[in-house]
Amino acid sequence: MSRTKKLTLKLFRFNAETDYLPYYKTVEMQVSDHELVLDLLNRVKWEHDGSFSYRRSCRHGICGACAIKVNGKSVLACKENALSVSDIFGDELIIEPQSKKRAVKDLIIDKADFWDKHEAVKPWVETEIEEHPKHENKITQEEVNSILDADYCIQCGACHYACPVVELNEDFFGPAAFVSAYRFSADTRDEATIERLESTAEIGQGVWNCVKCFECAEACPKDINPIEKITKLHNMQFEQKVAKSNVATRHAEGFVRSIKKHGLLDEAEIVIYSEGYLGMPKHIPTAIKMLKTGKIHWQDGVPFIDSMPKIKNLDEVQKLIEISQTNKL
Amino acid sequence: MSQLHYALYTGCTAKQSTPELLSSTLAVAEKLGIKITILEEASCCGASHLQDFDEFLAHVLNARNICYAEKLGLTMITICNTCQLNSAMTKHALDSNPELKARVNEKLAEVGLEYKGTSEIKHFLYTLIDEYGLDNIKDKVTVPLSHLNIAPFYGCHNIRPSELHSANKENPYNPTSLDQLIEALEGNPIDYSSKNKCCGFHVELQANRTSELLAGNALVDAIDNNADIVVTPCPLCHLKMDTYQDDMGKVIGRDIELPVLHMPQMIALALGCSEAEIGLKYHISKATHLTKKD
């Protein structure tokens with residue numbers, strides 16, 4: 001027997017041409033278990049208010065037009081079952097655009113920043129080809145597999161507008177652009193790999209500004225797992241010797257140094273190693289606070305010098321690092 | 001109920017900057033009658049940064065840690081979200097990819113170890129809820145936290161990506177475990193939208209402003225919803241949110257002062273553990289008033 005439920009939709013309304021501030025309009029409706037969020041949006045438009053605006057096109061999860069947020073969760077309206085969302089959030093569904101500050105008309109946003117960043121990573125195979133090729137440029141199945149899921153990206157922007165860094169740092173490329181950067185850099189036909197790795201290695205716009213919150217992995221309606229591609233870009237920067245020595249790369253590499261010495265991370269030493277002595281003055285007030293409360297230990301020795309605990313069987317870890325380490329800075 | 005016994009993976013911070021996390025965890029386990037064996041052989045999980053540098057090496061080292069829990073035949077419990085995520089990521093990668101598992105085991109064989117995949121990896125929070133039971137915790141409460149409005153801060157790596165944490169039945173968009181724990185201790189959980197957001201710890205060095213804004217916005221949200229304290233299962237969230245309140249305040253333009261407790265410290269308060277075990281003196285945003293007895 002099919003389940004039905006009365007839901008309250010709180011709809012974000014805003015017209016950039018006439019409204020000073022956005023507002024919410026409430027619509028109640030009986031919803032059955034086969035209805036998608038997009039069906040509810042259509043019912044609002046067709047049965048309640050024809051001026052309600054949103055993007056929609058394919059209705060099959062492939063065009064990416066209908067990406068919105070429901071109670072803060074990034075969804076493709078045409079893929080998300082309405083009652084499943086209410087199972088998470090209760091009977092009130094708050095329907096909002098992907099990014100409220102970019103709203104143009106109701107759920108329609110200006111995605112210019114998304115497309116600019118997408119374009120900035122050269123999302124195409126860069127290579128010299130004959131003008132009239134006689135056969136396809138084939139790659140192996142294994143090579144296809146390594147880029148296949150990244151190639152499923154539909155540019156819906158769900159991960160981009162779920163990313164907290166995109167909201168705070170306007171230079172940051174964002175997870176979708178990184179997926180494209182990975183997809184084309186890992187393509188064996190491509191000749192712009194180094195250039196892409198260099199631009200995504202730059203602090204400010206690049207992968208080192210990722211906060212590792214996994215919001216993108218959760219948001220992607222195509223299960224692409226953008227942060228996994230971000231990790232691959234990090235790895236490729238080291239593998240292809242693109243990574244320059246800076247505070248972020250030394251911080252990553254410093255883990256190996258520290259684990260080799262103690263098995264554990266030396267929390268104080270990694271800051272000094274990453275920042276270099278010239279970068280340390282700004283950390284002094286924090287270090288003093290931490291010394292005062294005992295967060296940096298006095299009791300086991302002199303702080304920074306011999307206060308580090310060591311793990312048991314450290315020699316195993318040292319041996320494993322020696323035989324397993326593949327990258328160098 | 002037969003006695004619960006776990007292999008504790010402490011992580012690095014509990015042995016250095018947050019000794020209060022280790023002491024309160026052990027005190028809570030003792031009060032609840034849970035047996036703990038500390039994995040003294042375990043090395044750092046890589047905290048996602050080693051993974052950025054050398055993913056294979058990170059898998060080898062994490063697999064080695066899990067081997068020691070497997071040798072004991074115990075579930076490996078973690079008290080840090082990031083340790084939990086990185087250990088679980090290695091387990092997932094090895095259990096689902098026989099070729100990678102074989103490559104990792106080839107290295108481990110050099111030190112006489114073998115990763116089998118027989119131990120579960122679970123954050124202490126979820127073992128308490130799923131295996132010890134909130135009702136049983138409730139029975140042990142001697143100092144109800146009814147005087148405190150408590151803001152749960154879940155921390156990313158316990159809730160996302162949800163496919164790695166599916167055993168916990170937690171929805172990353174509306175997590176409830178910490179709220180339920182606070183209720184079991186008779187505290188008042190406060191609802192605020194930042195509870196499942198990022199604290200910014202991992203970019204503290206290279207993107208300081210982003211980091212301060214993320215942590216500061218979350219704390220301001222908690223303050224505006226009348227929180228007396230924040231509680232988190234992750235020592236990295238704790239370090240970020242406790243240590244840098246002055247700096248966040250400067251970036252945001254508002255005074256921020258709010259104690260940030262580790263999850264086991266909150267339980268220890270309610271179970272009547274000693275001041276030394278709870279270790280509030282190690283906090284930078286002062287919290288010692290919470291243990292003063294009238």
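## A helix across the sheet of chain B

The model described here is a predicted one.

The sheet under discussion is open and has 4 strands in the order β2-β1-β3-β4 of chain B, with parallel pairing. Strands β2 (35-38) and β4 (121-123) of chain B stand at its edges with a single partner strand each, so one side of each has no neighbour in the sheet. From one strand to the next the twist averages 40°. Strand β1 of chain B, residues 5-9, runs parallel to β2(B) and is joined to it by 4 bridges. Within this pairing, B:Ala7 has B:Thr37 of β2(B) as its bridge partner.

## Helices α3 and α4 of chain B

Helix α4(B) also meets another helix of its chain: the axes of α3(B) and α4(B) come within 9 Å and cross at roughly 95°. That angle makes α3(B) roughly perpendicular to α4(B).

On the α3(B) side the contact consists of B:His59, B:Asn62, B:Ala63, B:Asn65 and B:Ile66. On the α4(B) side it consists of B:Asn86, B:Ser87, B:Thr90, B:Lys91, B:Ala93 and B:Leu94. By class, the residues of this contact of α3(B) with α4(B) are 4 nonpolar, 6 polar and 1 charged.

## Chain B as a whole

Chain B contains 14 helices and 8 strands. Its radius of gyration is 19 Å, close to the 19 Å that the globule rule gives for 294 residues, so chain B is as compact as a globular protein of that length. Taken along the principal axes, the C-alpha atoms of chain B fill a box of roughly 55 × 45 × 30 Å.

## Chain A as a whole

Chain A has 13 helices and 7 strands. The radius of gyration of chain A is 25 Å, well over the 20 Å that the globule rule gives for 329 residues, so chain A is more spread out than a compact globule. Its C-alpha trace spans about 75 × 65 × 45 Å along the principal axes.

## The sheet of chain A and its helices

In chain A, 5 strands form an open sheet with the order β2-β1-β5-β3-β4 and mixed pairing. The edge strands are β2 (23-32) and β4 (73-76) of chain A, each of which pairs on one side only. The twist from one strand to the next averages 35°. Strand β1 of chain A, residues 4-13, runs antiparallel to β2(A), and 10 bridges join the two. In this pairing the bridge partner of A:Leu7 is A:Met29 of β2(A).

Two helices of chain A are described against these strands. Helix α1 of chain A, residues 37-48, lies across β1, β2, β3 (67-70) and β4 of chain A and runs at about 110° to β2(A). Helix α2(A) packs on the sheet as well, where it touches β1, β2, β3 and β5 (92-96) of chain A. The direction of α2(A) makes about 85° with that of β1(A).

## Where the two chains meet

Between the chains, 59 residues of chain A are in contact with 52 residues of chain B. The elements of chain A that give two or more residues to its side of this contact are α2 (82-89), α5 (164-168), α8 (215-219), α9 (226-239), α10 (247-262), α11 (267-275), α12 (284-293) and α13. Helix α10(A) gives the largest share of that side, 8 residues. By class, the side of chain A that touches chain B has 28 nonpolar, 19 polar and 12 charged residues.

## A helix pair between the chains

The crossing of the two helices is right-handed.

From α13(A), the contact is made by A:Glu316, A:Val317, A:Leu320, A:Ile321 and A:Ser324. From α3(B), it is made by B:Phe56, B:Leu57, B:Val60, B:Leu61 and B:Arg64. The residues of this contact of α13(A) with α3(B) divide into 7 nonpolar, 1 polar and 2 charged.

Note on methods: Residues numbered from 1 in each chain as written. Chains lettered and ligands numbered in written order. Predicted model: local features only at pLDDT ≥ 70, side-chain atom pairs only at ≥ 80, totals over all residues. Left-handed = near helix turned anticlockwise from the far one by under 90°. Contact = placed C-beta atoms within 7 Å. Nonpolar A, V, L, I, M, F, W, Y, C, P; charged D, E, K, R; others polar. Pairing = 2+ DSSP bridges. Axes fitted to C-alpha atoms, helices over the stretch in contact; angles between N-to-C directions. Rg over C-alpha atoms; globule rule 2.2 N^0.38 Å. Parallel < 35°, antiparallel > 145°, perpendicular 65-115°, else oblique.
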